[in-house]
Amino acid sequence: MESRRKIIIVLGPTSSGKSDVAIRLARKFNGEIISADSRQIYKGMDIGTGKVPRDSVGIRSLRKGSDPYISAVIPHYLIDIINPKTNFSAAQFKKKAEKIIEDIIKRGKTPIICGGTGFWIKAVVDNVEFPEVKPDRELRKRLGKESAEKLFLMLQKLDPERSKNIDAKNPVRLIRAIEICKAIGKVPKISEPKGSDPYGVGIGSLQFLQIGIDIPKEKLHGKIKKRLDKRWEQGMIKEIKELKEEYKLSWKKIQSFGLGYYWIPLFLQNKISKEELHERVYLAEKDYAKRQMTWFKRDKRIKWLKNYKQIEAEAEKFLN
RNA sequence: GGGUAGGUGGCAGAGCGGUCAAUUGCAAUAGACUGUAAAUCUAUCGGCUUCGGUCUACGGGGGUUCGAAUCCCUCCCUACCCA
């Protein structure tokens, strides 16, 4: 029983081909996939976020009470489940993912987490304990108008400890810290980083194998370009118009989703040309991939592998 | 052929006698990240450097000046307009 509590994670920058790898692994090792993607979680954002296509005639998920998202005959969780008008957070992801992991394991299958949102993956792998302070829309809106300098001074008064190591110029971080202070007095101390072992640390009785898709930068950029061209053809722009309509979203809200979602509204409002749109989204995607890699590089437990064969072999070793 | 506007760092684009290795944006490179993470934020970004400096730089050449990316002459190139 204990030996089965193993979880495979497939991660990597955007366009690196994670989804295909995850599906192949799921086929091979009787797995089910949990998406760790902060944008694919939302409904109505399919082409733009690169969701794997939903099977037209899917088998029913064995998991009760869930809305099954089946692709290539493999169940995918945490895709397409949240109304884009709603905010969803890393902490919420963690809770949901843990439940699903338990459920998959209970049914004797292998959980495979697949995604590019490093922070969300870390939340699960390192069992990050988020302070029990929910986002305060009102407070955020109010503080959002203040300068970073002012926010920093506020935090300094509220929690001198936290102010020592926070990024003093980052409003998002400062606001969250202040939010926590207002609710529970001060920001809880961050727990010490865990040590590493060949297959990742175990959290509770869970064990993780983190596999990174290793792909040269030039090649990745080529894939990003190609994939974008395809998305334009598939109607990414139309999808965003429909997204706005169906969920009654403001342009501003849509832009907050980033990348294409940031630039397409500008095109639709005639603020930039089509050529500029294509260029900007391409650059934004490249940039995003870079940020993802900066994050992933830090985690020395990730095994970077170049092709599926190696990945499968590593997974095999891990599971046995 | 005539007229006008221009030629500035990888690109776009400021500067218009000194405080300019040259505002800013983009790109590039590295990085941060604990309930917004496709978000948010930081640093570097002419060469060499013992990090104090130093050398080469604002189309080419010549000049004025203590001093020029900035003024003058000339040549070359680009855009638009008139022939």
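## Two loop residues

N270 sits in the loop between α11 (260-268) and α12, where helices (H or I, at least four residues) and strands (E, at least two) are DSSP runs numbered from the N terminus. Its phi is near 60°, a positive value in a residue other than glycine, and N270 counts as exposed because it has 7 C-beta neighbours inside 10 Å.

## Basis of the model

This is a predicted model, in which local features need pLDDT of at least 70 and side-chain atom pairs count only at pLDDT 80 or more, while totals for chains, interfaces and linings use all residues. Residues are numbered from 1 along each chain as its sequence is written, and chains are lettered from A and ligands numbered from 1 in the order in which they are written.

## Chain A overall

Chain A comprises 13 helices and eight strands, and buried residues make up 33% of its 320 residues. Its C-alpha atoms fill a box of roughly 55 × 50 × 40 Å along the principal axes.

## Surface near RNA strand B

Of the 45 residues around RNA strand B, S38, T49, A91, F130 and G258 come nearest, a residue being near if its C-beta atom, placed from the backbone, lies within 6 Å of the strand. The helix α12 gives the most to this surface, with eight residues.

Methods. A residue is buried if 20 or more other C-beta atoms lie within 10 Å of its own, exposed if 12 or fewer, and partly exposed in between; C-beta atoms are placed from the backbone.
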